[in-house]
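Subject: Structure handover

Hi,

Here is the structure I said I would pass on. Please have a look at it before reading my notes.

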Amino acid sequence: MSLAADLGIAFGRVAFVMLFVLNMGGLLGWVERKQSAIMQDRIGANRASILGLRLFGLFHPIADAIKLLTKEDFRPARADRFLFALAPFVSVFFALAAFASIPFGDTLRVAGREIPLQAVTLNVGVLYVFAMLSLGVYGVMMAGWSSANNYALLGGQRAAALMISAEVAIGASIMGVIMVYGSLSMMDIVRGQGTLLWGWLPAWGIVTQPLAFVLFLTAGIAATKRIPFDMPEGESEIIGYFIEYSGMKAGMFMMTDFLETVVIAGMTTSLFLGGWQVPYLEAHGFRLPGGWTWALPHLLVVLLQVGAFVLKVCGMIFVMMLIRWTLPRFRYDQAMRLGWLGLFPLSVANIVLTGLVLLLWGGRP
Amino acid sequence: MRALQRFYLVEVLSGIALTAAHFFRNMGRHTLRALGKKDARGAVTIQYPEERRPYSPRLRSLHRLVRREDGSPRCVACMMCETVCPARCIYIIAAEHPNPEIEKVPARFDIDIGKCVFCGYCVEACPEDAIRMDTGILEFSSYSRGGMIYTKDALLALEPAGPDGRPRSPVPIPADRTP
């Protein structure tokens, strides 16, 4: 009985994260079309209808999926059969797996059990997410290499170069956060952001590490391979690593970009925007700086926290979409220069600065 | 200023502020419209098949042949339009007119719309004001080249556009196109 309950809980945790990420990824196709349309004074896709119901074009992702699934699955004659088929799956798998160690709520206590609201409890969660994000580029490289197409190969090579330069900056910028909160576990980092600075300011990562936030977001957007860092794709010069793919396999690469957007949004939320923390909400209810308190039941607190996390992730996705539809793309050499001569030295400077402040301040805030 | 631009982040933020302002302004207008305020428009889009922009009276649209009071074509088959047509899309076969005061009448008057470049020279060249391009009809398409040939009877049946520039006669549908 106890084993069944444990299994059920573990399954529920994984299912929640999986469905959240998958649905967000699917929905982002719609968000992208509608948000860009509204930003550009257009209306956007609104024609797909079921029984005359249009719902602001919400059926378009379904229509797209049906179309992609029924298209010819083409494979070039000289392509590597196995790797060509495997590449999109590798891509999607690592993008999906990356979200596992991002906590979406505090510990839930039900019937004497303590359930950490996180798909996998890892004490090196931050490293795990990086590892998954970096491994994701293997799918792209495999796609580029196995397609037997020079443009695809160029795209794959660019993806690798971009990922390395972005990954270094991500890792270095995150060091500051790890130093401030003193843990590699995502849950501990989010918990650390629940304290108040000077008694009123939530110690969110964006407050304690503003420079790291900007650097991480920039490098994170680069890691999603979307505009303004779409060198692997490079529509205007090389079609990119998925030039030979058709049907749902091409759709999976597109999906990967969306999933990675969700992962980066989740990461940014957890590391810099307080994760599931609601300002001034503690385990037993609200406690405002003035001393005013409002007790809330445990379940409601947890619900509020999960809601806050989802809301913050959606907000971050909105910001990332805003950037994607505002900025023109970087040239390949410009992106490399930004990564190696801009983001990376600044991240190192941020580490030094954080260390100095922590040394002078005498420990963590 | 140049140093500030080189720093990039400031320019990025101002660009994002601009697009975000567009987003929220348009979103607000869309919301107002959904709440019943019909003059709020969040987009410049014209939802084409249902919604059409008014056409200018000068618009050169599908040709029509003008009729006399008795319904016969005003055209006297002088071949002016066929001669002036740069696309050579007009084919006329002349015939005798029963009335001796009228010289000729077209036995056939075909326009291959698939070749027409809509220059309007035929309208200008016509001495009888027998051909006009004022029907306001723009949606003529076909699955075959044959379907793009409009015969004398089809061209005679067309009416001029209404005062708003909208077509008054139905769009002639070629046999190979289902509506």
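This is a predicted model: local features need pLDDT of at least 70, side-chain atom pairs count only at pLDDT 80 or more; totals for chains, interfaces and linings use all residues.

Helix pair. In chain A, helix α9 (residues 247-272) packs against helix α10 (residues 298-324). The axes are 8 Å apart, at an angle of about 120°. The crossing of α9(A) past α10(A) is right-handed.

Which residues make the contact? From α9(A) come A:Thr261, A:Val262, A:Ala265, A:Gly266, A:Thr268 and A:Thr269. From α10(A) come A:Phe309, A:Lys312, A:Val313, A:Met316, A:Ile317 and A:Met320. Sorted by class, the contact of α9(A) with α10(A) has seven nonpolar, four polar and one charged residues.

Sheet. Chain A also has an open sheet of three strands. The order is β5-β6-β7, and the pairing is antiparallel. β5 (281-282) and β7 (293-295) of chain A are the edge strands. Each has a single partner strand, so one side of each lacks a neighbour in the sheet. β5(A) pairs with β6 (residues 285-287) of chain A over two bridges, in the antiparallel sense. In this pair, A:Leu281 sits opposite A:Phe286 of β6(A).

Chain contact. Chains A and B touch as well: 11 residues of chain A and 13 residues of chain B take part. On the chain B side there are seven nonpolar and six polar residues, with no charged residues.

Best wishes

Conventions
Residues are numbered from 1 along each chain as its sequence is written. Chains are lettered from A and ligands numbered from 1 in the order in which they are written. Axes are lines fitted to C-alpha atoms, for helices over the stretch in contact, and angles run from 0 to 180 degrees between N-to-C directions. Helices (H or I, at least four residues) and strands (E, at least two) are DSSP runs, numbered from the N terminus. A crossing is left-handed if the near helix is turned anticlockwise from the far one by less than a right angle, and right-handed if clockwise. Two residues are in contact if their C-beta atoms, placed from the backbone, lie within 7 Å. Ala, Val, Leu, Ile, Met, Phe, Trp, Tyr, Cys and Pro count as nonpolar, Asp, Glu, Lys and Arg as charged, and the others, Gly among them, as polar. Two strands pair if DSSP finds at least two bridges between them.
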